[in-house]
Amino acid sequence: MKYRWHIARTDPERLGELARQLRVSTLLARCLATRGLVQPAAAARFLKPRLHDLDDPFLIPNMRPAVERLFLARERGEKLVIFGDYDVDGVTSAALLLEVLRALGWVVQCFLPHRLEEGYGLSRDSAGKCLEKYPASLLLAVDCGSTSVDAIAWLKGNGIDTIVLDHHQIAAPPPEAVALVNPRLALRETAEIQRVDTAEPPSFAWLCSAGLAFKLAHALVKQGRETGLAGAKTYDIRPLLDLVALGTIADLVPLRGDNRILVAAGMERLNLTTRPGLLALKNIAQAVAPIGAATVAYQLAPRLNAAGRLEDAEVSLRLLQADTVVEAQALARDLDARNHERQAIERAISSEAIGAVQARFDPGRDFVIVEGRSPWHVGVVGIVASRVTRQFHRPSVIVGGDGAAWRGSGRSIDGFDLAAALGQCDDLLMRHGGHALAAGLTIKPENLDVFRQRLNLLARALLQPEQLQPRLDLDGEARLDEITMERLQELALLEPMGQGNPPVQFAISRLQCARTPVRIGKEQQHLKLWVTDGRITQEAVWWNSPAAGMPEGKFDLACQPRINDFNGRRTIQLQVLDWRPAAVN
C-alpha cells in the first residue's frame, strides 16, 4: 500500500535561530520544530529530560484525597487490596505500588483478574471475587475503574471505599469513588490547572497507569515526610523507575511531558537494574545492552504480556517481585514459553482474519472492518486487530470467545475516535471502553452484523477519502551529505523515541540506484539497495519489501537514517519506508 507523503515545512530563518540558541545543527532543529518544539526553552528541556522538571504529583486531580484516604487506612490498620489489570502497564503498576506501600507500612494484597474468566476491568463479579480472596475495606483500582459505575456503587453499598488510579476514558457521570485519579480530568479543568503562559496540556496529561503509580508513590512519600511517617524520609522512589519505563513504553502513550522524563530516567535504571526478575527477562529475551525503547517494546513487553493474554498475569507479577535469580529464571522461562504459544495462536488467527477480509474487502464500501469467530482466543484479538488495521488502513474490530458474550479489541486510524464510536453503539454492546485509537468491548454474537453496519455509517460520515490512504509523516527534506555519523549521533538526543516522538524520517530527492538491488533474508523477503545522488552513495535496506515495484530511474526516497552496529563495525544505513518517481525538472 502506497503512502501519501506529508513533508514538514519549516521557516528556514526560524530554524536557524533555534539552532543558534540551542547550539545544535539545523537538521536537529528541524526535527524539534516538527515535534512542535519551536521555543528554545521548551526544546532545551526536551533534549535534556530531568527528574527535577517533573510536575508536582498533587497537581493531578484528586491525588490529595487519594493520599489522605490511604493514610487514614494505614492509621486505622485497614486492609487494602489493589485491583489491577493483566497487561504490562497494569502489572508494573501493581508491582510498583505493592513495593512502596509495603515498605511504608500498609497492609496490602493484589488481585489481577483472569482474562478469560473475569475479563477486563472492575466489574461487580470481578470485585466480588477479589474481595472473596482478599477481604478489605479499601480497594485501589489500578489501570481500570474509570467506567465502573455499577461496580463502585455496589462496593460503596457494601461499605467498601474505592480509589481509582487510571488513565482511560471516564464514564459520564463518573463513578462515585472516594478519589478518581485520572489525568483526563485535567483536560476538563484546563483553566484551573494549566500554566498561564502556555496553551499546552499539563505535563502529566499523557501518563499511563505505571506513571500514575509512580506519581502516587511520590505523593505518599512527600506526604509521609511532611507528617513524620516512619521510613518516608529515607525512602528513595527512583529505583521504581525501571518498572515505570516498562509500563509506559508498552502502553504506547505519547513520550512527551512527564512520560519522556520518566522513560529517559527509567531506561537508565533498566540498563543498570539489579531486580532478579528483570535480569532474567533480559537474559531470556537475549536483549543486547544498552537496551533502548525498541528492545522494551519488541522483546521484553511481549513476554511480560504473554501470561495475561492467554490466562492471568500472576506469573508476570511474581517475576517482577522475585527475590532470587533461581526463582526469576524459572518464571522467565515460563513466560518465554507462553510467548511462543501466544505467537502461534496469533499467527493462526491473523491468517484467518486477514483471509476473511481479503475475500470480500471493498475499499469504497468498507470504512471499518469487523470480524469475529467463536474459536478465536480473546487474548490475542487486539494484536490481530493491529495487524488488520496496518494491512488495510481501516479501523478494525476483532472479536472472539464462546457462549452468549464475545469479547474483542479494536484499533483505529487518525480521524476516527473508536472509543467515541463505541459510545454511539452502546445499545448493541454489553461493555466497552478505551481510547481514540484502541478500545475493547463485549458483544452478543447476534449483534455483530448490525454493529458492523453502524460503525461503517459513523465512519463514512467522519472519514475523508484521503484519510483511507496511510499518511507518512516526514521531518523534512534532507541531502545525503547531511546524513553523517556525527549528525546521527546528535539526533540521538531525541531519544527515547516512540509514540508521540517517532523516529526521525526524511525525504531525500532525486536519487538513483548505484548498483542492482539484492534480495536478502531467509525467505528473500528483504531488499538491500545502494542509492546515490551522483556524489555520495549510501546503503539502504527495505524490510519486507514487496515482490514488485522496486525503485527505478530517478526517485525520491522516504527513509529512517540509522547507525547500523554489526560485527563491531558502525555504518550509516537508510531504512526504506517508501519511494516515488522523482519530479521532472
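Two strands are taken to pair if DSSP finds at least two bridges between them. In this predicted model, strand S2 (residues 79-83) meets that criterion with S3, to which five bridges join it. The two strands run parallel, and within this pair Ile82 stands opposite Cys110 in S3.

The pair belongs to an open sheet of five strands, whose order is S3-S2-S4-S5-S6 and whose pairing is parallel. Strand S3 (107-111) and strand S6 (179-181) stand at the edges; each has a single partner strand, so one side of each is left without a neighbour in the sheet. On average, neighbouring strands of this sheet are turned by 20° against each other, direction ignored.

Helices lie across these strands. Helix H5 (residues 88-103) lies across S2, S3, strand S4 (138-142) and strand S5 (161-165), and runs at about 170° to S3. Helix H6 (residues 124-133) lies across S2, S3 and S4, running at about 140° to S2.

A further contact joins two helices to each other. Two packed helices are described by the angle between their axes and the distance between the axes. For helix H1 (residues 12-22) and helix H2 (residues 26-34), the axes come within 9 Å and cross at roughly 110°. Because angles of 65 to 115 degrees count as roughly perpendicular, H1 is roughly perpendicular to H2. The crossing of H1 and H2 is right-handed. On the H1 side, the contact is made by Leu15, Leu18, Ala19 and Leu22, which meet Thr26, Ala29, Arg30, Leu32 and Ala33 in H2. By class, this contact has seven nonpolar residues, one polar and one charged.

How values were computed:
Residues are numbered from 1 along each chain as its sequence is written. This is a predicted model: local features need pLDDT of at least 70, side-chain atom pairs count only at pLDDT 80 or more; totals for chains, interfaces and linings use all residues. Side-chain values use heavy atoms; hydrogens and water are left out. Axes are lines fitted to C-alpha atoms, for helices over the stretch in contact, and angles run from 0 to 180 degrees between N-to-C directions. Helices (H or I, at least four residues) and strands (E, at least two) are DSSP runs, numbered from the N terminus. Angles under 35 degrees count as roughly parallel, over 145 as roughly antiparallel, 65 to 115 as roughly perpendicular and the rest as oblique. A crossing is left-handed if the near helix is turned anticlockwise from the far one by less than a right angle, and right-handed if clockwise. Contact means heavy atoms within 4.5 Å. Ala, Val, Leu, Ile, Met, Phe, Trp, Tyr, Cys and Pro count as nonpolar, Asp, Glu, Lys and Arg as charged, and the others, Gly among them, as polar.
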